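Look at the structure, then read on.

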Amino acid sequence: MKEIEQLIEISQFYGRDSRYVIAGGGNTSYKNADRIWVKASGASLATITEEGFAVLDRTKLRPMSEKKYSDDVAQREEEVKNDLAAATLTKDKRPSVETSMHNIIEYAFVVHLHPTLVNALMCSKQAESGLKKLFGEKALYVEYTDPGYVLFKKVEEKIKAFRAAYNEEPHVIWLQNHGIFVAADAIEEIGNIYSDIFGTLEKSVQKSLPSDETLPSRDVEKVIPAVRMMLSSNGLKTLKVRNNALIEFFSENVENRQLIVKPFTPDEIVYGKSNYLFFDSDSEETLLREAGGKIPFFIEKYGYHPHVLLMKGIGLIAAGLNARQCETILDVFEDAMKVAYLSQSFGGAHPMTQTQIDFIDHWEVENYRRSVSTATSNGRAENKTIVITGAAQGFGEGIARCLVKEGANIVVADLNEETGQKTAGELNTLCNGNRVVFVKTDVTNISSLERLVQDAVCSFGAIDCYISNAGVLRAGSLDEMSPETFDFVTRINYYGYFYGVKVVSRILKLQTRFAPKDYYADIIQINSKSGLRGSKANFAYAGGKFGGIGLTQSFALELAPFRIKVNSICPGNFYEGPLWSNPENGLFLQYLKAGKVPGAKTIEDVRQYYLSQVPMKKGCTPADVTRGVLYLMEQCGETGQALPITGGQVMLS
C-alpha cells in the first residue's frame, strides 16, 4: 500500500535523526475513512516497518470523544486503554496512547516529534508568547496537560476552537513541555512545514550549543567501578559515562546545574526518573566518600537507585539495568541539557511541576514504556562486563560470541582494529539489552592496557571478569627457534598475562571493596593443554603456558583476600579455528613443515594424527571453553586452578 510505504519513509527519516527523536520516541500515523495506522508502543521510528504499526477501526475510536469516563484517574485511564484495545484490529500490538489525538486531526498523515529546538521553546518561560511572536497568532498552542485522555480532550477543544476561528484545519499543534504535531495530506508537505519551523527556530537561538566533541574524564577508573557497586546491592547494574563541552557546562558549575534539577518532558521521567544525583568533590577519595553517603540516602528516600548522576570532572553517568537502557538514559538526559541551554534564548527554562511529574511517574502507560525499554536476556552472565583479549577472531571471538548470548557486556580487546571492529559489530546483532565494544589493545604495553581499562569502565562501569586469551604460537625445534621468535612468543603469552592482571586487578580490588559480600570478581587465563605437559618442537609456547599456570596460582594466593578468583582453563586443540586451520600459517601447516608428525605428508595427515590422540575423538570448541568460563565465574569455592577441557587427552592426577 503506497500510503503505508510513505508513512514508513517519513517515520524513519525523522526517527534516525537525534535532533528530532530521542529513545525511539514520537509517533506517526496514516488514516483513511475507515482505519488508522499508528505507531505501536515499543516500536522505534528509526527502524519501524509495517509490523511496527497498530491498525485500529476508526468507527470504534470516534465514540471515545463523547463517551463519559470515570472521574477516578486510574479507573479512567484503564477504561480508555480498554476502549483503545477494543478498537485495535492488530491485537498483538498496543497502539500509542496518543492515537485518539491522531484520529481527530483531519489530515491523512500526522508526525508527532519531540525535537530539541522545538522543546527549547516549548520548555521555556516564554513558550506561548515566544511562539506567537515567531509563528503568528494563528499558532495553536496547548498549555501543559497530563497525557492520556485529558490531553486528548484538551487538544480536541483547541482544534474545534481553531476551526471555528479560522475555518480551516491546523497543520501544527504545539504542546508545552511535550513536543509538536505536524499534519498534512502528503508527507512532502509535512517535511516542508518542519523545515520552515526548524529554520525559524535556528535563527532565534542566541547562543549555539557547545561542541559535542568527547572530553576526557578525570579518574574515571578510580571512581566509577566503586559507584557501580554502591548501586548494585539489589542486582548488578551497568553504568555508562559520557563527557563533552555541554555536559561540562553543567557538571562544573553549580549555578548552571540548577537549570536541570527537574525534568522538562514525560520522556525524561520515563527513562531517567525525576530525581538526580550531583557530585562536586575534587578528588577520587572525597568523591567516593560523597557517593557513599548520597547513594544510600537517595535509595532510602525515593525507593529506587539513581538513574542519572552528574560528577564534576567525570561527566554524565547513566545507571541502568543493562547497557541499552544506559544509552537511552544518556541520550534523553543530554537532550534535556540541550533544551535547558537553548531555552535561555526564550526567557529561561520552564521544567515540569512536581504534580505533573508525579502523574507521569505513576502512570501505567509510561510504566509500560519503561518496562519495554529495560528488557533483559536473563543469561548466566547477565549484566556482567567481561573483557576478552585477542577476541577479534579465533578462540577469543568464539568465547565472546557465546558469552554475548548469556547476557554479558563484552569488550573485544585486540590489536587487529579492522577485524575487531567488524567482530564487535557482528556480535552486537546478537545482543538484547547488553552491548559489545571494541578497544584496540596491545597486551604487551602497560599504557595500552590502562586505556583498555578506562574505555571498559566508561562503556559499562566495571570489569567483572578479565579473560586473558591473547596468545601466539610459533612452532620450531631448538635448532630452528630464533631468540627473537622465542621472545615474541613469551612476551605475548607470559608477559602479556602478567601485564593485564597487574592493571586490571586494581579495578577489581576497588569493586570488591564496595561490593556486596557475595560478589566475586574473576580473572581467567585461557591457557592450553600445553601448559600441563610438554609439547615437542613447541617449547616456546609450552614454556610460556607452564609459566602462566605458575602465575595463576601465585596471583590467586595474592588476590584471594580481595574476593578475586584467578583460574586458568587449559583447552585442547580448536582444530576448526584459524590458529590450526589457516591455510597460510596455521599450525597444521607449521607442524607439517617442522616435521613434528613423523611420516606426515599432508595437512590432513597431521590433522588425523592429532585427533587420534584425543580419547573423545573431537577437538575443543569455544562453546566447550565457555562452559568452563561460566563454571569458574559461578563457583566461589576454588581459585588457582587449571581446568583441563581436552576431551580426555590430558587427565590430572
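## A charged pair across loops

Asp282 is exposed, because its relative accessible area is 56%, over the 50% cut-off. The model is predicted. Asp282 forms a salt bridge with Lys312, and their closest N and O atoms are 3.1 Å apart. This pair links distant parts of the chain, 30 residues apart. Lys312 sits in the loop between β10 (308-311) and β11 (315-320). Asp282 sits in the loop between β9 (277-279) and α13 (284-302). Lys312 is partly exposed, at 23% relative accessible area.

## Pairs within a helix

Lys81 and Glu78 both belong to helix α3 (residues 73-87). They are three residues apart, about one turn of the helix. Their salt bridge has its closest N and O atoms 3.4 Å apart. Lys81 is partly exposed, at 26% relative accessibility. Glu78 is also partly exposed, at 36%.

Helix α25 (residues 622-634) holds Asp624 and Arg627, three residues apart. Their side chains meet in a salt bridge of 3.0 Å, N to O. Asp624 is buried, because its relative accessible area is 17%, under the 20% cut-off.

## The wider count

The model has 32 salt bridges. Glu51, Asp92 and Lys93 are linked in a network of them.

## Nonpolar cores

The largest nonpolar core has 64 residues. Trp174, Tyr194, Ile197 and Met337 have the most contacts inside it. Helix α14 (residues 323-342) gives the largest share, ten residues. Apart from this core lies another, of 63 residues, including Ile295 and Tyr499.

Notes
Residues numbered from 1 in each chain as written. Predicted model: local features only at pLDDT ≥ 70, side-chain atom pairs only at ≥ 80, totals over all residues. Heavy atoms only, no water. Core = buried A, V, L, I, M, F, W, Y, C linked by side-chain atoms within 4.5 Å. Buried < 20%, exposed > 50% of the residue type's maximum accessible area, 1.4 Å probe, protein only. Helix = DSSP H or I, 4+ residues; strand = E, 2+ residues; numbered from the N terminus. Salt bridge = Lys/Arg side-chain N within 4 Å of Asp/Glu carboxyl O.
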